[in-house]
Amino acid sequence: MRWSAAHIPTLRDAPQEAEIISHKLMLRAGLIRRLASGIYSFLPMGWKAVLKFQNIVREEMNRAGAQEVSLPIVQPKELWEEAGRWQVYGKELGRFTDRHEHDFCLQPTSEEAITDLVRRDVKSYRQLPINLYQIQTKFRDEVRPRFGIMRGREFVMKDAYSFDLTPEGAFKSYEAMRAAYRRIFERAGLRFIPVDADTGAIGGTKSEEFTVLADSGEDEIVACTKCEYGANQEKAVGVISDKPAAAKTGGAYEKFATPGLKTIAQLAESQKCKEGDLAKTMIATDTEGHCIVVVLRGDHELHELKLQTHLSQKMKWKGVRLATDVEIQNWKLPKGSLGPAEFPVAGATVVVDDALSLEAPYIVGANEEGFHFRNVVFSRDAKVNHVGTIRRVQAGERCPKCGNALEIKRGIEVGHVFYLGKKYSEAMKAEVLGEDGKLQSIEMGCYGIGVTRTIAASIEQNHDEWGIIWPLALAPYELSIISLGEGEPQKKAEEIYKTCLDAGIDVIWDDRSLSPGVKLKDSDLVGIPYQLIIGEKGLKNSQVEWKERRGSKKDLWPVAEAGTRVVSEIQSRRRENRIPS
């Protein structure tokens, strides 16, 4: 491609709407343009990057035995009601009514549609296992679209669905997809970590996220400094190695006055101790109005989703959340002096975070304004119903697998694998005849990759002060030939350009009649991995300049060897990155 014929509308400055670096650089480099809130058009350079990643995804999915299909973007309400998700998905589900007053939605994912497809045609265990995938446009009506295509409403996603006869077969399919995902993101040149994650609205019993590490990431990742343990904060578990010693025999708790002390920090200062030596209490409730007493270490934060998950599993309670001030007042509780000992609400459920010791003495609220208890031992002085990890795990806690220190990283979710079990097949009666001649529900898994989101995540991970630095596998062009000046530089550039085209190199030649500074800055901005710079000064010495975008490494090559050498160099880098020629 000649730059003079290409549509690459670069910008000197990022528009004010741009928030994070990928959003800024995609706008400045002419990759995307905003059409509406959370909805973007891809320009030629941006779409080339998307297509290159799609090709990697497609190759690895096919290699793993999956087969590509294309499902409708528009799906009927009845299917979603069968699976019970028409209401669960909430306002993020883009809904509309057609001229016949029939309700439809725009697919955010396609568990219902694919299950319907399979139940129509797959009737026997002999037709299993199968894995079907699509690379398709999705729509989710995000409440607050932001960060360009990172958190947009319309996006391209690869979603795959496996169907097996048994749980053992389903887990085998799950592991095959995990392996395929590793290959995909490795080939894309990304630094990533697989982490345990919550199943969310998709459902199922097991899930993992593939997270690209980046400082701008929305997700907080807990990772071991030694082993491969990693988890999203919503699923992370840490081991506390410095719990206080058990209380000595005797030593009943006692009330003492704490007038005007409203915070854990104030209480710790008054008692000449650390916040971590205290216990703090919050009140939660659910859709049935249960009073839930939540107790954590003074320096820890509650993770509401962990609490919600814990109680939904243990008690089948739904909609667990922190209580409002009005609800706390209705229970006649003093918000600033709460504690599990002598708790005044009958039938309250007490949940204690596992960072606390049930046998050690703590200072807690006395459920009376301006008073606390000291020397409260939970196993002795409180009716504890549940113990579990309901806090946000902190750096320095110990890994649950190997015992080494945990660290906190930021990440961007780009892929997610789920073991669904029979969640959808039972609800939608997707059944096959087993070997025994009896009908049984199919075991399912689903596997998603945010294709367009991955492009933004790659830029978040690969950029510098001058612009994008594409990994070779995702680069819209592998090589940028930049001719500086007319005459001989232009002639030699065209000669090498044709040599590269004949060799199958994805090359763009900047043949524009612009200043050297503009052309060099544009090439750095759009992030082409390799540059061949041909100028009058270099040609006088029979040389051209070879530059690597990452690290700005430069070298001078004899002009007579430039054509064959650049082809050899690109082909060698392809082999290193497992990029097909």
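# A walk through a predicted model

Now let's step back to the whole protein. It has 15 helices and 31 strands. The C-alpha trace spans about 95 × 70 × 50 Å along its principal axes. There are 581 residues, and 53% of them count as buried. Here is a number about how the chain meets itself. Take the contacts between residues at least 6 apart in sequence: 69% of those join residues at least 24 apart.

On to the strands. A quick reminder for anyone new to this: strands of a sheet pair through backbone hydrogen bonds, and they can do so in a parallel or an antiparallel way. Please find strand E21, residues 406-421, on your screen. Which strands pair with E21? One of them is strand E10, residues 206-213, which is antiparallel to E21 and linked to it by eight bridges. Within that pairing, Lys 206 has Tyr 419 as its bridge partner. Another is strand E11, residues 219-224, joined to E21 by six bridges and again antiparallel. There, Ala 223 stands opposite Glu 407. Then we have strand E24, residues 443-450, which also pairs with E21 in the antiparallel sense, over six bridges. Here Tyr 419 turns up again, standing opposite Gly 445 in E24.

Three strands form an open sheet in the order E13-E19-E18, with antiparallel pairing. Which strands are at the edges? They are E13, residues 254-257, and E18, residues 361-368, each of which pairs on one side only. On average, neighbouring strands of this sheet are turned by 35 degrees against each other, if we ignore direction. Between E18 and strand E19, residues 371-377, there are five bridges. Look for Gly 365, which stands opposite His 372 in E19.

Next, the aromatic rings. How many aromatic pairs does a search of the whole structure find? The count is 17. Let me show you one of them. Phe 53 and Phe 185 have ring centres 6.4 Å apart and planes at 25 degrees, so this pair is stacked. Phe 53 belongs to helix H2, residues 44-63, while Phe 185 belongs to helix H5, residues 167-187, so the pair ties together parts that are 132 residues apart in sequence. Both Phe 53 and Phe 185 are buried. They also belong to one aromatic cluster, together with Tyr 181, Phe 192 and Phe 210.

The charged end of Lys 48 sits over the ring of Tyr 477, 4.7 Å from its centre. Likewise, the charged end of Lys 423 sits over the ring of Tyr 424, at 5.3 Å from the ring centre.

What about cysteines? A search of the whole structure finds zero disulfides. Take Cys 399: the closest cysteine sulfur is in Cys 227, 3.6 Å away, and that is too far for a bond, because a disulfide needs the two sulfur atoms within 2.5 Å. Cys 399 counts as buried, at 3% relative accessibility. Cys 291 is buried as well, with a relative accessible area of 7%.

In helix H4, residues 111-121, you will find Ala 113. Its relative accessibility is 11%, so Ala 113 counts as buried. Beyond its neighbours within four places in sequence, Ala 113 is in contact with Leu 71, Gln 75 and Leu 79. From Ala 113 to Phe 192, the C-alpha to C-alpha distance is 31 Å, and the two are 79 residues apart in sequence.

Finally, helix H13 covers residues 516-526, and its buried residues include Lys 519, Asp 522 and Leu 525. Just after H13 comes Gly 527, with a positive phi of about 85 degrees.

How values were computed. Residues numbered from 1 in each chain as written. Predicted model: local features only at pLDDT ≥ 70, side-chain atom pairs only at ≥ 80, totals over all residues. Heavy atoms only, no water. Pairing = 2+ DSSP bridges. Helix = DSSP H or I, 4+ residues; strand = E, 2+ residues; numbered from the N terminus. Axes fitted to C-alpha atoms, helices over the stretch in contact; angles between N-to-C directions. Phe/Tyr/Trp six-rings, centres within 6.5 Å; stacked < 30°, edge-to-face > 60°. Buried < 20%, exposed > 50% of the residue type's maximum accessible area, 1.4 Å probe, protein only. Lys NZ or Arg CZ within 6 Å of the ring centre and 35° of its normal. Contact = heavy atoms within 4.5 Å.
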